[in-house]
Amino acid sequence: MRKSKIRNTDIDLNNGKLPPQAIDAEECVLGALLLDNKVLPTIISLLPIEAFYRDEHQKIYTAIKKLHSLNHPVDIITVIEQMRSDENLEIAGGQFYINKITSRVASAANVERHAYVMLQKFISRELIRISYETIRDAYDNSIDELELYSQCEKKIASLSPIFTSNKIDPVSLMDDAMKQMFNPDPKSKPIKTGIEGLDILLGGLCPGNLTVIAARPGMAKTTLICYLIMHAELQEKASAGMIQLEQSRTEIAYKLLSSLSGLTVEEFKAEKFTPDQTDKIVEAANQIKKSKIYIDTDPFLNASTLKSKATKMVQEHGIKVLFIDYLGLADITGESDSNDNTATRIAYFTKKCKALAKSLNIAIVLLSQLNREVEKRPSKRPILSDLKDSGAIEADADAVIFLFRPEYYGITEVEIDGNTYTGDQARGAIELIVAKNRHGRTGSVWSKVDLAMNRFNVISVPDYEKAF
């Protein structure tokens, strides 16, 4: 029998040692596949070709997969003929070797166990390869360190689906659904926004969901998420995180203090306070200090660093919701594997946000800008096609909420639920437009915003007149 071919990189990667391998398991798996076609779907969905260490085993497995994909029977004879047709039979040890590995297996009873042993060895080999490439590139001064970190993380992350199974049988599917309905897991409980109409439409900010809040500049996006993060902590008792790319630590601190103290940011900057103002500032500061909100103002963010930051916040602080302000300032260059346009790179980032929300079981709220087309519209009200640079934002988001302040455009008259409000009554009016809701209805919710004090005054539509 011919000796297995050893790859040229073995010595380089392993300091003279052979890479992790399970040759006996490989032979048992191949023998089982040739004996029992019933196990083919399971094993083929589980094992990539590279999971086989020996080259001859890869060629045999390739022939088996090809026959299976063509709905042809898989046995010793058909595999030998397929390999002969592909001119791989002699390279893989010939008919004698294929007969030999088949004779070693009595049944396919333990084939899955053998396959998982192979996977473990394959993962070890891949980690060695990734480590070697990372060490090699780390010595290359022409490679950016952050890009190297990002590439390393992506390579390791690409291994996770190998051990991840998404198979769900009807019994467990229904059992999980009934449990969530009648005895919900606190970890899966939606976080209420405190905005009554919004909670009716969305049910709150749900773990695993990506919510996009989009608007033109000056529509109070940051004011809204400052309100939402404080409500999550103070009212919902849910730890919350914020990745703030636009504003500095001091600016975001002033906004939070302003919303709780009732003082304006301009008053903070005056640096002269009355005793009453001082008491309000100290009380608000102490309240924030005791809260479980965690804010990251590092100006650099891409999909890889987002995953690292979010995972750390979940593991160390147990956050249930993460706010990102905002998409337009995230570094999306070089994020996708191709040299595609901005829209494609944004699509890559938003898909990663959605996947991250699911994997960490947290709600993610992503702020985004709208393009200028909304300014050309007489009503100035945004629609889904106004999402800047990418329709993928709409596709990936579970919910899309637009913010619209008529006052910003000099509109002094607003109509809500059949009632017309003008002048002082309309001042501060803000419409939250749920333009997409994957899990429920769409619609509009009206409220009032005080930009000076960074306060978002919550009202429901039926109570709108009372609030003014």
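**Close-up 1. Met178 in helix 10 of the predicted model.** Helix 10 covers residues 170-182 and includes Met178. Met178 has a relative accessible area of 43%, so this residue counts as partly exposed. Together with Met181 and Phe182, Met178 forms a nonpolar patch on the surface. The accessible area of these three residues together is about 380 Å².

**Close-up 2. Asp137 in helix 7.** Asp137 belongs to the helix that runs over residues 111-138. Asp137 counts as buried because its relative accessibility is 17%, under the 20% cut-off. Apart from neighbours within four places in sequence, Asp137 is in contact with Ile143 and Leu148.

**Close-up 3. Helix 17 and what covers its buried residues.** Helix 17 consists of 19 residues, 342-360. At 1.5 Å a residue it should span 27 Å, and its end C-alpha atoms are 27 Å apart, which agrees. Its buried residues include Arg345, Tyr348, Phe349, Cys353, Lys354 and Leu360. Among the elements covering the buried residues of helix 17 are helix 8 (145-157), helix 16 (303-317) and helix 19 (392-396). Strand 1 (210-215), strand 4 (321-325) and strand 5 (363-369) also contribute to this cover.

Close-up 4. The protein has a mean pLDDT of 84, with 90% of its residues at 70 or more.

Definitions and conventions
Residues numbered from 1 in each chain as written. Predicted model: local features only at pLDDT ≥ 70, side-chain atom pairs only at ≥ 80, totals over all residues. Heavy atoms only, no water. pLDDT = per-residue confidence, 0-100. Helix = DSSP H or I, 4+ residues; strand = E, 2+ residues; numbered from the N terminus. Buried < 20%, exposed > 50% of the residue type's maximum accessible area, 1.4 Å probe, protein only. Contact = heavy atoms within 4.5 Å. Patch = residues over 30% accessible without salt bridge, like charges linked within 9 Å, V, L, I, M, F, W, Y side chains within 5 Å. Areas by Shrake-Rupley, 256 points an atom, 1.4 Å probe, with all protein chains shown as cover. Salt bridge = Lys/Arg side-chain N within 4 Å of Asp/Glu carboxyl O. Expected span 1.5 Å × (residues − 1).
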